[in-house]
Amino acid sequence: FHDCVDLAKNTSLQRLTLDIRPDPYLLLFLQYALRNEQPLSVRALCIPFLENVIFSLNTRIIIPNGGLTMNDLDVALQQPALANLERLTFGVQGFFPRQAVRDRIAQILDGLMKRSVLLLPSSDCTEESDPAHSGR
């Protein structure tokens with residue numbers, strides 16, 4: 001399915017929501033659909049079920065390739081296509097304690113944190129994620 005998506009055709013794309021399930025297919029999409037892309041104009045990325053993906057990788061539940069790790073997720077989110085990414089919004093599903101979810105995901109996505117990408121837990125990816133209202 002990743003061969004059918006060409007995000008580079010939309011040069012005005014500022015926000016992107018990736019609601020891809022089952023969970024492991026999000027990682028596969030990031031690895032294959034974005035690997036040859038030039039930097040996109042996307043500044044805000046929302047992954048509603050990021051916490052589910054991390055849980056699946058951590059517990060090895062429904063992962064089609066047993067070799068996928070949380071490091072693969074971090075690397076996939078650092079594709080050159082996402083070089084302009086400024087913030088990542090994700091849904092809070094309850095796999096991590098609510099007060100620690102952002103810090104836990106920041107540990108896992110260390111590469112994004114080094115690029116100063118803002119992590120914003122959200123209950124709804126359709127809302128505009130405003131860093132001024134993030135409670136940081």
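A nonpolar core is defined here as a set of buried Ala, Val, Leu, Ile, Met, Phe, Trp, Tyr and Cys residues joined through side-chain atoms within 4.5 Å, where buried denotes under 20% relative accessible area, exposed over 50%, and partly exposed in between (1.4 Å probe, protein chains only). The model is predicted, with local features requiring pLDDT of at least 70 and side-chain atom pairs counted only at pLDDT 80 or more, whereas totals for chains, interfaces and linings use all residues. Residues are numbered from 1 along each chain as its sequence is written, and side-chain values use heavy atoms, with hydrogens and water left out.

The largest nonpolar core comprises 39 residues, and Leu73, Leu77 and Leu88 have the most contacts inside it. Two or more residues are contributed by each of α1 (24–33), β2 (44–47), α2 (50–59), α3 (70–76), β3 (87–91) and α4 (101–108); helices (H or I, at least four residues) and strands (E, at least two) are DSSP runs numbered from the N terminus. The largest share, 6 residues, comes from α1.

Leu88 lies in strand β3 and is classed as buried because its relative accessibility is 0%. Beyond neighbours within four places in sequence, the contacts of Leu88 (heavy atoms within 4.5 Å) are Leu45, Ile47, Leu50, Leu77, Leu109, Leu112, Val117, Leu118, Leu119 and Leu120. The C-alpha atoms of Leu88 and Arg43 are 8.7 Å apart, with 45 residues separating the two along the chain.

Gln79 is located in the loop between α3 and β3 and also counts as buried, because its relative accessibility is 12%. The side chain of Gln79 reaches the backbone oxygen of Leu30 at 3.2 Å. With neighbours within four places in sequence set aside, Gln79 is in contact with Leu30, Gln31, Leu34 and Arg35.

Conventions: Polar contact = N/O pair within 3.5 Å; in protein donor to acceptor, adjacent residues only side chain to side chain.
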